[in-house]
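Hi,

Here is the structure I promised to pass on to you.

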Amino acid sequence: MKVLVTGGAGFIGSHLCERLLRSGSEVICLDNFNDSYTPSVKRKNLDCCVRCSHFRLVKGDILDPEVTDAVMEQEAPETIVHLAALAGVRGSVLDPLSYVDTDVKGTVAMLECCRKYGVKKFIFASSSSVYGNSGTPFMEENTPPVQVSPYAAAKYSGELFCRTYSHLYGLPVVCLRFFTVYGPRQRPDMAVHTFTRAIVEGSEIKIFGDGSSTRDYTYADDVIDGIMSSIDLPCSYETINLGNSVTTSILELVGILESKLGKKAKLSFLPAQPGDVPATCADITKARALLGYDPKVPLEEGIERFVEWYLKRVAG
């Protein structure tokens, strides 16, 4: 099988490329190596992949038709896993137009590639953010979404375009709603990474709100299991949660990190940020039924793995 992974040099993308290569697939990674964080870090994410003869790296933008047409014509992938996106709620509040360009227009551009070049399967990386303030403790896929940030609205728009292309052109699509993915190579702006760095360096951790907000932290390997299963899922269109289905508060997360690092955190409490939601928790009944999805890494173990990676690869 030949798979195109957009955003393949990022956190989740690089783990997926490695898993696909281990499974015997040919992998094309398309990434623009933008400066949302240090491009050299993204290149390092692919250290293992670039040594494999079944891996091709293309530097380019999903919004550049010359690049995408050339990739499709030369490589003819059977499956596209579309991970490329501008991520983050707070950034989207400050610059919504950039999120519309990348997360909406970019998704439609890749769907057009599927239509024009006869791609057999499209996997779209959506987000738990689409649920917004849904008011339910466990978020089922049929929960009416109430987006409260431009990022969430852009991701939900991507889902709607996926559904439309599936309906009009018979494109098999799976939209995967990720719940707070963490693990080695996590983006440096995400909570587990920023909190770890602050504790190690002795700087303050900024807590927006009172620290009681909860998230469903999902280890990267578990998410990759779900993506791999979704590639093989016979379907026309599906939306599926990928989470751990366990909630942890911000202050509880800090406590786990303190324990693993053997060092106390310095906390600074600030007002809650626009676009943030008080809680996320995935109902993974559908993922279990359709994908055989079974998250295996509890938070304490996953944090221990992350801390080990951080101390060796980042702080070391």
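α9 and α11 are oblique to each other, because their axes cross at roughly 55°. Please keep in mind that this is a predicted model. The axes of these two helices come within 10 Å, and the crossing of α9 and α11 is right-handed. On the α9 side, the contact is made by Leu253, Ile256, Leu257, Lys260 and Leu261. Their partners in α11 are Leu299, Glu300, Ile303, Glu304, Val307 and Leu311. Sorted by class, this contact of α9 with α11 has 8 nonpolar residues, no polar ones and 3 charged ones.

α9 (residues 250-261) also packs against α7 (residues 191-201), at an angle of about 50° and with the axes 10 Å apart. That angle makes α7 oblique to α9, and α7 passes α9 in a right-handed crossing. From α7 come Val192, Phe195, Thr196, Ile199 and Val200, which meet Ile250, Leu253, Val254, Leu257, Glu258 and Leu261 in α9. The contact of α7 with α9 has 9 nonpolar residues, 1 polar and 1 charged. If you compare the two contacts, you will find Leu253, Leu257 and Leu261 of α9 in the one with α7 and again in the one with α11.

Another pair to look at is α1 and α8 (residues 220-231), whose axes come within 10 Å and cross at roughly 60°. That makes α1 oblique to α8, and here too α1 passes α8 in a right-handed crossing. Phe11, Ile12, His15, Leu16, Arg19 and Leu20 are the α1 residues in this contact. In α8 they meet Ala220, Asp221, Ile224, Asp225, Ile227, Met228 and Ile231. The residues of the contact of α1 with α8 divide into 9 nonpolar, 1 polar and 3 charged.

Best wishes

How values were computed:
Residues numbered from 1 in each chain as written. Predicted model: local features only at pLDDT ≥ 70, side-chain atom pairs only at ≥ 80, totals over all residues. Heavy atoms only, no water. Axes fitted to C-alpha atoms, helices over the stretch in contact; angles between N-to-C directions. Helix = DSSP H or I, 4+ residues; strand = E, 2+ residues; numbered from the N terminus. Parallel < 35°, antiparallel > 145°, perpendicular 65-115°, else oblique. Left-handed = near helix turned anticlockwise from the far one by under 90°. Contact = heavy atoms within 4.5 Å. Nonpolar A, V, L, I, M, F, W, Y, C, P; charged D, E, K, R; others polar.
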